[in-house]
Amino acid sequence: IIGADICTWTRFIWRYGKDIDWRFWPKIIVLTFPILAYTPVVWMERFRFGRKIRETKVKAPIFIIGHQRSGTTYLHYLLGRDLQFGYLTVKESFMPWIYLTAERHLEWMLGRKMPETRPMDNLKLGLDLPTEPEYALGNMTISTMLAGYMLPKQLYSIFRKTVLFEDACAKEEWKGALKYFMQKLTLKNGGKQLIIKAPENLGRVKEILEVFPDAKFIHIHRDPYRVYFSTERLYGITLPMVAMQYCSDDVVKEFIMRSYREMFDRFFEARKLIPEGNLTEIRYDNLIGGELAELERVYSELGLSGFEVAKPFIKQEVKTYENYQTNTYNYPPERMAQIYSNWKSVFDELGYS
């Protein structure tokens, strides 16, 4: 949230200030200073590039969708090696309002603190690697899941507002922010076709199509049991980094259990709206060890050219993961029974036993 503009930050405090635990208010005060300091740069960037951004055409964006811990990041890394595509980088995601003006400053500021790997899965991390836009959009509007991650007691209610869009105002605000974000990122990438990865977008396909009717989608899915336990680990590591209130593990577990099914229900319904030839699906187990064959199929099904040109770069990326080890988990039978009972419709639809 350090990259928010003053308007978004003020709205966040106004809307959710009463829910922030008192112990975190010093953090709020500390965060306010850099937001104020960067405000002139935000205004300058809007003045310099505002018209160009609004006039930029977004070329049939490609959205990688899939629940957290389904392999979306790995897939994003592979496709990011194709030079014909543009994507959001880590450094741009931190400061979405000023990266056109202050790119070198961001490299200096963030490069000193950036770890080499992600804490939840040890995948490599770097300023120029692809990343997802939820935090970037969360710095541009309060109508994203970033507010839920900062206030985990309200994870589910904010999920219903900003992913399932039961709040009509939040829906329109998010769509407006998405359009501006994509136009600006297209400008930054010289007009290239964008590849965007965001697990939350699994539940927003209908709204994405309302903004970009020609959008293409790559849905990657994975064994639901594995996804559940891995997502539980993900939240256990990442929420304490951004949370501004204390929350019990049971609240988070209940959120995962409910949101997974409801997000997939939305996706299965919205899938019918995607034009023919604009959706392809990948099973994670087929991708691992069969990356080139799966991606060649993806290019073909989505009508994308250039796979043979990109193939050597993708192959080189795959090679860097030869010794990569995934996390291991205990699968208590009673928990597995609970997961299957709650997610049976998803198991059946995706073909998992």
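Two strands count as paired if DSSP finds at least two bridges between them, and strands (E, at least two residues) and helices (H or I, at least four) are DSSP runs numbered from the N terminus. By that rule, β1 and β4 pair in the parallel sense over four bridges. Welcome to a quick tour of this predicted model, in which local features need pLDDT of at least 70, side-chain atom pairs count only at pLDDT 80 or more, and totals for chains, interfaces and linings use all residues. Residues are numbered from 1 along each chain as its sequence is written, and side-chain values use heavy atoms, leaving out hydrogens and water.

**The sheet**

- Five strands make an open sheet with parallel pairing, in the order β2-β3-β1-β4-β5.
- β2 (85-86) and β5 (279-283) are the edge strands with a single partner each, so one side of each has no neighbour in the sheet.
- Three bridges link β1 (residues 62-65) to β3 (residues 193-197) in the parallel sense, and Ile62 stands opposite Ile195 in β3.
- On β4, Ile218 is opposite Ile64 and also opposite Thr280 in β5; β4 and β5 run parallel and are joined by five bridges.

**Burial of β4**

- Six of the six residues in β4 are buried (under 20% relative accessible area, with a 1.4 Å probe and protein chains only).
- Lys216, Ile218 and Ile220 point one way from β4, while Phe217, His219 and His221 point the other way.

**Nonpolar cores**

- A nonpolar core is a set of buried Ala, Val, Leu, Ile, Met, Phe, Trp, Tyr and Cys residues joined through side-chain atoms within 4.5 Å.
- The largest core has 85 residues, of which Phe12, Phe63, Phe181, Met182 and Phe217 touch the most other members.
- Helix α12 (residues 249-270) gives the most to this core, with ten residues.
- Phe217 is in contact (heavy atoms within 4.5 Å) with residues including Phe63, Val205, Leu279 and Leu302, leaving aside those up to four places away in sequence.
- A second, separate core of 26 residues includes Ile64, Tyr74, Phe85 and Ala310.

**Packing of α8 on α12**

- Helix α8 (residues 155-162) packs with α12 at an angle of about 20°, their axes 9 Å apart; axes are lines fitted to C-alpha atoms, for helices over the stretch in contact, and angles run from 0 to 180 degrees between N-to-C directions.
- The two helices α8 and α12 are therefore roughly parallel, a term for angles under 35 degrees.
- Among the residues meeting at this contact are Tyr156 and Phe159 in α8 and Phe255 and Met263 in α12.

Key: Buried means under 20% relative accessible area, exposed over 50%, partly exposed in between (1.4 Å probe, protein chains only). Angles under 35 degrees count as roughly parallel, over 145 as roughly antiparallel, 65 to 115 as roughly perpendicular and the rest as oblique.
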